[in-house]
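Reader: I have a new structure open. Can we walk through it together?

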Amino acid sequence: PPSRLAVIGLGKMGLPMAKRLLGAGFAVAAYDPVAASRDAFAAAGGRSCGSAAEAAGEADAVITMLPDGTIVKRVVLEDDAPVLEAMRRGSVLIEMSSSEPLTTRLLGERLAEAGIGLVDAPVSGGVRKAEAGTLSIMVGGEPRTAKRVRPVLEAMGSALFDTGPLGSAHAMKALNNYVSAAGLIAACEAVQIGAAFGLDQNVMVDILNVSTGRNNTTENKLKAYMISEAYNSGFGLALMAKDIGIAVDLAEALRRPAPLSHHVVALAREALTMLGAQADHTEIDRYLKRLAEE
Ligand code: NAD
């Protein structure tokens with residue numbers, strides 16, 4: 001099993017995940033273009049590097065936790081000093097971003113030519129579960145490669161699922177987030193309609209949570225982020241819109257009509273335009289409220 005690791009991308013998820021790996025005793029080198037993130041990693045005892053290639057150079061396994069698959073492809077294959085050239089033969093890339101499954105398959109072919117393995121291992125659970133090491137992790141790829149990196153994944157997640165061949169975990173992740181986003185929008189709409197009718201929002205949430213309308217948004221988000229107007233879940237609206245887009249693209253590639261998915265992606269993209277690139281995904285609630293004011 002790998003003992004020397006590299007983490008590329010120390011964002012809201014990558015930093016706490018890298019800290020979990022340090023805590024589990026792995027030697028971890030990491031890179032992020034944001035200096036404050038590199039400093040936070042170094043302060044936690046990690047080896048902070050000046051480039052992705054430098055971090056990847058000595059690693060048995062390289063973890064990517066970047067915004068999307070296009071950026072992963074750029075960092076691994078296309079940059080001036082691409083990670084692929086730095087990686088050792090026989091090492092493995094663990095692609096934990098929520099990326100496009102078809103891009104992942106292409107990446108796998110390029111890495112295989114260089115004698116490097118690839119698994120797609122996207123996560124669900126958000127920043128708090130990343131900190132606690134209790135993420136759900138979906139794993140796609142060659143069973144032997146997936147088995148080899150399992151101890152690494154177990155340091156970050158408490159529920160691991162083999163989803164099948166390369167790309168299957170990225171497909172599963174996008175479909176999960178599509179379902180989650182559809183449920184989120186429905187829950188926000190319902191609470192806003194109910195409030196306009198005179199229902200108490202907190203009572204509505206309590207009832208939803210013991211009724212058939214219960215979902216992750218009613219259980220974990222409505223009170224904490226929307227009704228409180230804190231809107232600080234740590235998962236960006238841009239990332240949510242990207243994930244729904246991946247699900248829609250997958251449906252189109254497979255010639256599935258999936259009519260609701262087109263509405264959900266359009267709403268997420270309109271909200272992103274209105275609220276800006278830095279908005280939290282829970283702020284889609286604010287977007288829906290503004291629609292009511294128009
Ligand atoms: P983030 O935007 O906080 O972090 C991304 C990091 O990548 C940033 O620190 C950025 O500086 C870095 N980065 C960008 N370009 C880079 C490059 N060329 N080289 C090296 N680093 C680069 O995003 P996040 O919330 O940590 O999410 C990461 C991935 O995990 C996304 O695919 C997201 O969809 C997924 N995800 C997020 C959550 C969540 O709750 N935040 C939950 C599950 C999955």
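Author: UniProt, in an unreviewed entry, places "domain: 3-hydroxyisobutyrate dehydrogenase-like NAD-binding" at residues 167-287. UniProt positions follow the numbering used here, feature names are shortened, and annotations may be inferred rather than shown by experiment. This is a predicted model: local features need pLDDT of at least 70, side-chain atom pairs count only at pLDDT 80 or more, and totals for chains, interfaces and linings use all residues. Residues are numbered from 1 along each chain as its sequence is written.

Reader: How much helix and strand over residues 167-287?

Author: Over residues 167-287 the chain is 72% helix and 0% strand. Helices (H or I, at least four residues) and strands (E, at least two) are DSSP runs, numbered from the N terminus. The end C-alpha atoms of this stretch are 33 Å apart.

Reader: What does UniProt place at residues 5-161?

Author: The unreviewed entry has "domain: 6-phosphogluconate dehydrogenase NADP-binding" there. Over residues 5-161 the chain is 45% helix and 23% strand. The end C-alpha atoms are 22 Å apart.

Reader: Strands, then. How many bridges join β1 to β2?

Author: Five, and β1 (residues 4-8) and β2 run parallel. Two strands pair if DSSP finds at least two bridges between them. Arg4 stands opposite Ala27 in β2, and Ile8 stands opposite Tyr31.

Reader: Through which helix does the chain cross from β1 to β2?

Author: Helix α1 (residues 14-23), in a right-handed β-α-β crossover. Right-handed means that, with the strands pointing away from the viewer, the path from the first strand over the helix to the second runs clockwise.

Reader: Which strand pairs with β1 over four bridges?

Author: β4 (residues 61-64), in the parallel sense. There, Leu5 has Ala61 as its bridge partner.

Reader: Why is β1 called largely enclosed?

Author: Four of the five residues of β1 are buried, so the rest of the structure largely encloses this strand. Buried means 20 or more other C-beta atoms within 10 Å of a residue's own, exposed means 12 or fewer, and partly exposed is in between; C-beta atoms are placed from the backbone.

Reader: New topic: the largest nonpolar core. Which residues touch the most other members?

Author: Ala6, Val7, Ile8, Ala30, Val83 and Ala268, out of 91 residues. Helix α9 (residues 168-197) gives the largest share, 11 residues. A nonpolar core is a set of buried Ala, Val, Leu, Ile, Met, Phe, Trp, Tyr and Cys residues joined through C-beta atoms within 7 Å.

Reader: Where does this core lie?

Author: Domain 1 (4-165) and domain 2 (171-293) both give residues to this core, so it lies between them. Those bounds come from an automatic or database domain assignment.
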